[in-house]
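User: I want to know what stands behind the labels used for this model. Please set each value against its definition.

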Amino acid sequence: MDVSQYLEIFIDETKEHLQNLNTQILELEQDSENMDTVNEIFRAAHSLKGMAGTMGYKRMQNLTHDMENVFSEVRNGTIKVQPGMIDILFQCLDALEGYLASIQESSDEGTNDNEHLIKALNDILNSKGGEAPAAEAKEAAPAAETKEAAPASSGDSKEKWKDIKLTDTEKGLFDKAKSEGQNFYGITVYVQETCILKAARAFLVFKALEEHGEVITSKPSTQDIEDEKFDFDFSVIVVSADPLDKLIEAVKSVSEIDSAYGSVITEADFAQGSSESEEAPEEKAAETKPAAAAPAAHQAAPAATKAGDGKKAPAKPVVNRTVRVDIEKLDVLMNLVSELIIAKNTLVSTASSDSTAKNGSFNEQIEYLESVTTNLHESVMKVRMVPIESVVSKFPRMIRDMQKSLGKKMELHMTGEETELDRTVVDEIGDPLMHLLRNSADHGLESAEVRKERGKSEVGNIFLDAYQDGNNVVIEVRDDGNGIDVAKVRDKAIQRGTITAEQAENMSDKEIIDLLFLPSFSTKEQVSEISGRGVGLDVVKSKIEALSGEVEVKSKLGVGSTWTIRLPLTLAIIQALMVIVGGEKYAISLSSIQTIEDIPAKDIKLVEAKEVIQLRGSVIPIIRLSDVLEIESTKSPEDDLMVVIVKKGDKLAGLVVDELIGQQEIVIKSLGKYVNKCKFISGATILGDGEVALILDANALV
Amino acid sequence: MDELRVENGAVSEQFIVIKIGDEQYGINIAYVDNIVRMQQITRVPKVAPYINGVINLRGIVVPVMSLRLKMGLPADEFTKATRIIILKLENQGTVGVIVDEVREVITLDSEQIEKVSSDTQNEKVNFVQSVGKANGGLVSILDLNAVATEKE
């Protein structure tokens, strides 16, 4: 039977069931007597089994079948739920997720039988809840560890770049480089295993290398690296005139890079490489096979599963991204479209009717059309919106796992999971949130002993709150841990040369905390020293800014920190204030505007050669847009100034414009490659008369 | 595309002949998406001087550059004959170039086209990839990638 057409549905539903199972099993851990939960788990496992069977995924079916058996016994009361069993169940879920990932990529479930899990499940069944499962779990864990160690030791050396086969053109380059006094280097880079955004790090490594020379080739290919299809290491061949130390240093300066090994490629290496190349494919196949086969025998850690997958030829994911839409939302859309057609028809007939009745009726129709399009816009946006639940629901499980690995007691409290965001934003927001939560759990919260000493409850609390605030969605990650030690951050920044001692004098605590978001601040050594913050916060910031959002942190030493992420509800259409500067029209997003003020020219004061105004007690710097936009203002210097006060986080600034036009709903268009050079122009929009107006990004100006 | 059209055994291509100043240039029709009349151009601050700004091409925002400025000639004087040729390039995407006048479409066989060497310092010549002979006159065929590539 051809089931490929059901693949998308299968993947969507399997994800839902797995998520459901994760949540339910967590609940079961808290309350092992709750029969409702057990029933729910049983049902989910049963549906999973049925679905996998229909789709012909035998291994998945076997595993879920055994899981279902266990739950069936639990339901009958013959087995009691206990910690060892929960651990195994979670491992099963990880294994199922592994299958799913493989199916999503290649529509094939892979060759991993997960025998040890099946055995562990059967042991639970046989022992009827005895001690065996716990022991089994322990056994499985070391097995996973040894395996992770194995590939490292079985590889001939740490310099895996030696596996790279050069093509003829690259060999030509080698000779040319030699004659020009440049060297060929092979470098293997190891990324930290805790690194979340591996591809981003790899990209930074490439960028760093390209400052010194040229990257000739890499293994895996750059495309694969971009798609994160590598384990924790990748190798590159670089041609450069600089010495090797410099390159290695450049690579290591990228944060979350564990180590880098390299050496000069000599003619001898080269000859060997080329003579080997004929027999190489076989050798390579033999090399990868044990790696893939060994884990297949018994594979527990998800990391190992990934390792197996990574070796496979990467294919484009076979599934498109989908959004499930409530049929009611579609009905509303349909109705609106029919109204739109009626409005159009009325307009057509009005246009051809006598001119006497024309004007009044015409305006009426325009108003009608306006209300229909506004509603249509809202409905279409709603269709694209999904609750953030799909992302955040995996976090309780993550915190549970971290609790075990870190040996700290902590609890995650979540509110506002139902808050809706654009699908594209929801897809992207998972990683940064996970980063912040890990940061809080790992570095923010103190150990139980310290907490006791400080008079806090032993269990650390992490809060994840999401809510809508006007045109934005706010997600807060909060902890009641140690907070950020500003003095330590300052010392570190001075020590590293990020700021000078004099600069530090003049910086507020907030400005110093903001230093943590600088790329140079996030290397592992510092984490332990500056009360832990700093791992990849630059990545978090850049990812959120890519979604046109912003991230802020507030912290009180000893009391805790709050990370606030603010995201726009939708990316395509915004409310904007239209202004005129020097005869040109510009749009400023309404979400960043605080107030609009009329300021007499004499009220402008100079502070440190910068123009400021005083407004209700606070001093606000002003920016003359005509200067920034390189155009003559149409106003004379004595005239009153029209100042638009914009806000970025806690900072305010006044933008001086010539005239205001008014508020308008605008559609954001990309400016294209050529002209997106200046960072304070975030895009363009097309006005009612067909004219193009540029959108000013107030955040970049402040 | 048009390259594949074979007449009398020779490969022939179609070119749009445009005028800049007193000279005739040819643009391979395969890259031309559209030709529009001069319209309101919105200036964009802080871009290269030869980029005039952006226009609204049926709902899409398209950057527009001046071929004259790019070639180091005096700035355009917009007349009734001035046109914007919208090019679709592989690497640079959609871009419009302003020309003084669009004259005709010609078909050139491969033997009517001669390559020119571009080792001179003259900026104008650097954008010309070959010269075609048509109707007794000469047409310099523009290397569109060189035209659209940004100079540092």
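This is a predicted model: local features need pLDDT of at least 70, side-chain atom pairs count only at pLDDT 80 or more; totals for chains, interfaces and linings use all residues.

Analyst: Residues are numbered from 1 along each chain as its sequence is written, and chains are lettered from A and ligands numbered from 1 in the order in which they are written.

User: How do you know that the length of helix H1 of chain A agrees with its span?
Analyst: The expected span is 1.5 Å times one less than the number of residues. H1 (residues 7–30) has 24 residues, so it should span 34 Å; its end C-alpha atoms are 35 Å apart, which agrees. Helices are DSSP runs of H or I, at least four residues; strands are runs of E, at least two; both are numbered from the N terminus.

User: What makes A:Phe10 a buried residue of H1(A)?
Analyst: Buried means 20 or more other C-beta atoms within 10 Å of its own, with C-beta atoms placed from the backbone. A:Phe10 is listed as buried, as are A:Leu21 and A:Leu28, among others.

User: How much of chain B counts as buried?
Analyst: 32% of its 152 residues. Chain B has 3 helices and 12 strands.

User: Which residues count for the contact between chains A and B?
Analyst: Contact means C-beta atoms, placed from the backbone, within 7 Å. Chain A gives 20 residues and chain B 18.

User: What is the average pLDDT of chain A?
Analyst: pLDDT is the predictor's confidence in each residue, from 0 to 100. Chain A averages 75, and 79% of the residues score at least 70. Over residues 272–316 of chain A, pLDDT is below 50.

Methods: A residue is buried if 20 or more other C-beta atoms lie within 10 Å of its own, exposed if 12 or fewer, and partly exposed in between; C-beta atoms are placed from the backbone. Two residues are in contact if their C-beta atoms, placed from the backbone, lie within 7 Å.
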